[in-house]
There are 2 protein chains.
Amino acid sequence: MARQERGVRTRRNILETMAGLINEVGYEAATISMLVERTGLTRGALYFHFSSKEEMARGVLAEALTSEGVREQEFKLQEWVDIGMLLAYRLPREPLMSAAIRLSIDAKARNVLGTRWPDWVDLGRDLLTEAKRRGELLPHADPWSVAKLAVGSWTGVQLVTEALPESAELVEEISALYQLLLPNVATAGVLARLDTSPRRAEQLARSIPGAASETVHVPAT
Amino acid sequence: MARQERGVRTRRNILETMAGLINEVGYEAATISMLVERTGLTRGALYFHFSSKEEMARGVLAEALTSEGVREQEFKLQEWVDIGMLLAYRLPREPLMSAAIRLSIDAKARNVLGTRWPDWVDLGRDLLTEAKRRGELLPHADPWSVAKLAVGSWTGVQLVTEALPESAELVEEISALYQLLLPNVATAGVLARLDTSPRRAEQLARSIPGAASETVHVPAT
């Protein structure tokens with residue numbers, strides 16, 4: 001294995017271990033000593049890749065801000081839906097994804113690390129602006145407002161789904177959310193051809209190397 | 001002042017002080033010593049009203065689960081909207097309301113205290129079921145699914161609004177959320193007559209004794 005590839009793997013290993021710690025004990029309680037113990041790396045090796053615990057947490061947030069697996073579609077609106085659906089499919093399966101949302105929700109961590117919500121809103125607004133230019137959006141639908149409300153709604157539905165015992169799988173709840181929002185966003189002809197099914201998210205996830213297919217149990221902190 | 005009335009005031013004072021502590025330092029870091037210091041009450045007096053810190057936090061959650069100020073309307077759907085709009089108006093103005101949502105979002109506190117989200121979902125489902133019986137809902141709108149998605153969306157929009165610096169006031173963002181959801185929930189004639197304006201929330205709040213009219217600064221924990 002080339003030195004560079006080994007470095008990439010070590011970096012990924014650190015981020016995934018950090019993600020696991022965030023899910024188990026929370027950001028505040030996670031320590032470098034725990035990382036040393038779980039990764040088997042020395043402190044020196046850890047600090048070679050990341051200068052601090054904060055920087056590792058920022059790395060987790062950056063990895064989760066992704067539209068990987070989303071391909072170009074006939075409708076920009078479908079690409080926008082795909083991003084949210086794919087994330088809903090991956091979140092219960094990948095500790096890195098669930099750790100990122102825990103960091104955003106945790107007020108104390110957010111004070112230190114900030115939040116990537118503005119980036120998510122920007123990503124959605126750009127796609128929806130292009131969708132509007134192509135005539136896929138209803139005249140009253142404002143790309144920025146819809147993008148912002150969708151990021152908020154997605155986040156809250158995830159939070160409540162996790163807390164309500166009788167909830168369906170996240171990807172099914174998010175599918176229901178898009179089905180509730182889209183008729184007031186998309187023009188009729190486009191709406192009829194959008195695919196918001198959980199099955200689509202599963203198929204898209206298959207194209208992502210390393211995306212897990214099994215749900216992992218993330219213990220509550 | 002009669003002894004009973006004094007008891008009610010003391011209880012309220014304890015809950016509001018506890019709410020302030022939750023907003024400032026979080027549930028975990030809040031202590032009985034801090035409550036003693038801030039209320040000026042003895043430990044004995046505190047424990048006369050609440051057996052533990054947990055019970056005080058449960059009291060905060062119970063106070064915030066309210067449809068106070070919502071009056072009977074021509075449309076049940078308007079009552080459902082009024083509950084969410086009124087809460088959005090009150091939250092930035094009343095530490096008790098913001099503390100309750102912080103407790104729900106905080107995973108560690110939620111593990112100890114549980115969550116009132118199922119109660120909010122039940123409240124919405126009952127109103128929407130009655131609205132459906134009266135013909136106010138579109139045929140495909142399922143009261144339980146809409147109620148659950150609305151509780152999730154409301155919560156997430158609050159969270160993201162608080163974190164995004166350029167956001168409007170919460171009641172305006174929640175108004176935009178209802179305007180996005182309702183066209184896919186309400187029949188056209190009812191939709192045209194629903195009032196989702198922030199101004200309405202302000203007027204409803206005036207009927208609530210003790211509901212503050214000024215926005216208070218809640219420090220981030």
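Trainee: How many residue pairs are in polar contact between chain B and chain A?

Mentor: Bear in mind that this is a predicted model, and that the count takes in pairs with both residues at pLDDT 80 or more. With that condition applied between chain B and chain A, the number of residue pairs in polar contact is nine.

Trainee: Which helix gives the largest share of the side of chain B that touches chain A?

Mentor: On that side of chain B, at least two residues each are supplied by α6 (95-105), α7 (107-113), α8 (117-133), α9 (143-163) and α10 (170-181). The largest share amounts to 13 residues, and the helix that provides it is α9(B).

Trainee: How many residues of the side of chain B that touches chain A are nonpolar?

Mentor: Chain B places 38 residues in contact with 38 residues of chain A, and the buried area between the two chains is about 3200 Å², with carbon and sulfur atoms giving 69% of it. Sorted by class, the side belonging to chain B has seven charged and ten polar residues, while its nonpolar residues number 21.

Trainee: Which residue of chain B meets R110(A) in a salt bridge?

Mentor: The rule finds four salt bridges across the interface of chain B and chain A, and in one of them K148(A) meets E173(B) at 2.9 Å, N to O. R110(A) also takes part in a salt bridge, with an N to O distance of 3.6 Å, which is within the 4 Å cut-off. That pair runs between chains, from helix α7 (residues 107-113) of chain A to helix α9 of chain B, where the partner is E162(B).

Trainee: How do α5(B) and α8(B) lie relative to each other, roughly parallel or roughly antiparallel?

Mentor: Helix α5 (residues 76-90) of chain B meets α8(B) through residues including W80(B), I83(B) and L87(B), with W120(B), L123(B) and L127(B) among those on the α8(B) side. The contact divides into nine nonpolar, one polar and three charged residues. The two axes come within 7 Å and cross at roughly 155°. Because angles over 145 degrees count as roughly antiparallel, the arrangement of α5(B) and α8(B) is roughly antiparallel.

Conventions. Residues numbered from 1 in each chain as written. Chains lettered and ligands numbered in written order. Predicted model: local features only at pLDDT ≥ 70, side-chain atom pairs only at ≥ 80, totals over all residues. Heavy atoms only, no water. Contact = heavy atoms within 4.5 Å. Buried area = accessible area lost by both parts, 1.4 Å probe. Salt bridge = Lys/Arg side-chain N within 4 Å of Asp/Glu carboxyl O. Polar contact = N/O pair within 3.5 Å; in protein donor to acceptor, adjacent residues only side chain to side chain. Helix = DSSP H or I, 4+ residues; strand = E, 2+ residues; numbered from the N terminus. Nonpolar A, V, L, I, M, F, W, Y, C, P; charged D, E, K, R; others polar. Axes fitted to C-alpha atoms, helices over the stretch in contact; angles between N-to-C directions. Parallel < 35°, antiparallel > 145°, perpendicular 65-115°, else oblique.
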